[in-house]
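User: I would like to learn how to read a few features of a protein model. Could you take me through them one at a time?

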Amino acid sequence: MKRYFKKLLILFLALGVLASCSKKQEEKTSEKQTEQKKENTTTKQVNKQTVFVDADYVKDVIDGKNADSKKFVIAEVSWGETKDSPDYLQNHIKGAIHINTDTVEKEPVWNFRNPEELKKGLLNYGIDKDTVVILYGQNTGCARVATAYLYAGVENVKILNGGLKSWTDKNYPVEKEETKPTPITDFKTKIPAHPEYITSIETVKEKLGKDDNFQLISIRSENEWLGKESGYTYIPRAGEPKGALWGKAGHDKQSMDAYTDKDGKYKDFSEIKKMWEEQGISTKKQLAFYCGTGWRGSVAFLIAHENGLNASLYDGGWNEWQMNDELPVQIGDPKSKDVEYKKVGDLPKDKASKDPSCKD
């Protein structure tokens, strides 16, 4: 009998050990699933529609730790050739090439170049539709190029949020030596693959003030918005298309203070959305953003695009609008009793900026 109870006790102890082991295994499995879930969540957050990324993402791409590492190009973007860049030959992300904004736009209107010209620029930089393109720069020129590339058909375009500073703050590697691009011959799709990302002046004239679901949004400084100055040395007239709303921008034509924090990084979309709504902008409508010639307007378009809104860029902006004497304009805030409505031809031609840096 004693032997029986002894065997029974051993059996219970064995079962207890097995149950404990099973529980520990379940906990380990659960922890592994949780970690995997976190990894999957991170992956979903940085998908093809994501535009603004941090320095850690870029470093992972370079180090081959990301799905986007298979085929990528990193570029510093600014006007002019490499020698004209304000910082490329001083310091740039290791392995980054230089991209000239002139390869996506041209004067006198500064609209996007035609499909063949865009294709030539892309191929010269070694970019096809499947290339992951990561851009950064001192100003909104990288947003301009990013918009052009999405319009052309590049499926995965990123902007390093915070620019080079966000990279060097992490002590990530930089270099001074120029990295030359490796040209290719096939873009792999017809350009433009996404014509819907661009709104023409004809469409703006057709919809503005007539289509309740359409909103034209100025991404310009307050002085530009109120018609006190054009913001550009080569734009003689100041004002806005009649019916436009103000999406704000920065304290002058060169800045985007209303959209960035003290570190120069773009704010969370919830803050930007609130700012827009305070200006009467509805994220449920068809939104067409513009500025003087497309750089700042591209920032707003990319933010809206990343967040799944029905958005486009009115490429010609105020520059193209003020070239037609018969088009209607507003001078001053439409919410104010001091607003004036005129035609372009009635505007004075003395509102050009005296600042030579106001090129784009």
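**Burial, contacts and confidence**

Analyst: Thr283 is buried, at a relative accessible area of 15%. Buried means under 20% relative accessible area, exposed over 50%, and partly exposed in between (1.4 Å probe, protein chains only). This is a predicted model, where local features need pLDDT of at least 70, side-chain atom pairs count only at pLDDT 80 or more, and totals for chains, interfaces and linings use all residues. Residues are numbered from 1 along each chain as its sequence is written, and side-chain values use heavy atoms, with hydrogens and water left out.

User: Where does Thr283 lie?

Analyst: Helices (H or I, at least four residues) and strands (E, at least two) are DSSP runs, numbered from the N terminus. Thr283 sits in the loop between α8 (269-278) and β14 (286-290).

User: Which residues is Thr283 in contact with, leaving aside neighbours within four places in sequence?

Analyst: Contact means heavy atoms within 4.5 Å. On that basis Thr283 touches Phe269, Lys273, Trp276 and Leu309.

User: Is Tyr149 buried or exposed?

Analyst: Tyr149 is buried, with 2% relative accessibility. Tyr149 belongs to helix α4 (residues 141-152). Its contacts beyond four places in sequence include Ile99, Leu122, Tyr125 and Val157.

User: What is the mean pLDDT of the protein?

Analyst: pLDDT is the predictor's confidence in each residue, from 0 to 100. The mean is 90, and 86% of the residues reach 70 or more. Over residues 27-44 the pLDDT is below 50, and this stretch has zero contacts in the model beyond near neighbours in sequence.
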